Amino acid sequence: MQVPVIQQILKANDQIAAENEKTFRAAGVHVVNVMASPGAGKTSLILQVLDRLPGLPVRLGAGVIEGDIASSIDADLIAAHGVPVVQINTGGNCHLDAPMIRSALDHLPLDNIDLLFIENVGNLICPANYRLGADLNLVIASVPEGHDKPYKYPGMFASADLVVLNKYDLAEVFEFDDAAFDRGVRMVNPTVPIHRVSARTGEGVEAWLSGLLQQLALQPA
Ligand code: MG
Ligand code: ZN
């Protein structure tokens, strides 16, 4: 029987993802794979976290891997916060894969990093299929995208360990149907925590960050 090429690619990817995971564990790095559609607020929410880390009772060093099809706009924003950042330009590829992460690791001071965000390429489809070696999949949806996203992209929401609904300050304007959104998430992922936040106003960010750090065992429950 012939194994389809896509399955062979995914298997090779998973092997390297497992190696990445070993490297992260050995260095004590907790890794979040951030996935969302373009414009949902991945970079804005990462920046919100970076701003809050110095105020936490635990001292946590941060790092970021920025995946983009092109440009270094987001990586420049992160670097301006004094946080080590590696830019991966996928050259048109619509997702990050484990080998890309492995090659980025040589350029990060892993020993000084406790919390590493990997900002995946903005896309709600294939990033969910490529393991990177992360501890946690964070899926960000945003109010203007509509409450039907979990129904249209069930694979992405099924892969989530944590869901954030961003731009919640606009919920009324967009007549966002909260119950429909939650139902859609619960259909494919019955127990995943769902946080409502606004990266613009900062509302809900603290509670979400606290939940995230607890899930990563970086903060007591
Ligand atoms: Mg971004
Ligand atoms: Zn892709």
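**Group meeting talk: rings, metals and cores**

Okay, let's start with the rings: F157, F176 and F181 form one aromatic cluster. Before I go on, this is a predicted model, where local features need pLDDT of at least 70, side-chain atom pairs count only at pLDDT 80 or more, and totals for chains, interfaces and linings use all residues. As for bookkeeping, residues are numbered from 1 along each chain as its sequence is written, chains are lettered from A and ligands numbered from 1 in the order in which they are written, and side-chain values use heavy atoms, with hydrogens and water left out.

Rings of Phe, Tyr and Trp (its six-membered ring) pair if their centres lie within 6.5 Å; planes under 30 degrees apart count as stacked, over 60 as edge-to-face and the rest as tilted. How many aromatic pairs does that rule give? The count comes to two. For F157 and F181, the ring centres are 6.2 Å apart and the planes sit at 85°, so this pair is edge-to-face. F157 is in helix α6 (residues 154-158) and F181 in helix α7 (residues 178-188), so the pair ties together parts that are 24 residues apart in sequence. By the way, helices (H or I, at least four residues) and strands (E, at least two) are DSSP runs, numbered from the N terminus. The other pair is F176 and F181, with centres 5.6 Å apart and planes at 50°, so we call it tilted. Are F176 and F181 buried or exposed? Both are buried, where buried means under 20% relative accessible area, exposed over 50%, and partly exposed in between (1.4 Å probe, protein chains only). F157 counts as buried too, at 1% relative accessibility.

Now the metals. Donors here are N, O and S atoms within 2.8 Å of the metal (3.2 Å for Na, K and Ca), and water is not among the atoms, so sites may look incomplete. Which residues coordinate the magnesium ion, ligand 1? They are T43 through OG1, D74 through OD and E119 through OE, at 2.0 to 2.1 Å. T43 sits in helix α2 (residues 42-52) and D74 in helix α3 (residues 73-79), 31 residues apart, which links distant parts of the chain. T43 and D74 are both buried. In sequence, the magnesium donors are spaced T-x30-D-x44-E.

The zinc ion, ligand 2, is held by C94 (SG), H95 (ND1) and C126 (SG), at 2.0 to 2.2 Å. Their spacing along the chain reads C-H-x30-C. H95 is buried, with a relative accessible area of 8%, whereas C94 is partly exposed, at 31%.

Next, the inside. A nonpolar core is a set of buried Ala, Val, Leu, Ile, Met, Phe, Trp, Tyr and Cys residues joined through side-chain atoms within 4.5 Å. The largest one has 32 residues, and V32, L50, L115, F117, L138, W208 and L212 touch the most other members. There's also a second, separate core of 18 residues, including M100 and L108. As for L50, leaving out residues up to four places away in sequence, it contacts A62, V64, I78, H81 and V83, contact meaning heavy atoms within 4.5 Å.

Last, the whole chain: eight helices and seven strands. Of its 221 residues, 49% count as buried. And among contacts between residues at least 6 apart in sequence, 73% join residues at least 24 apart.
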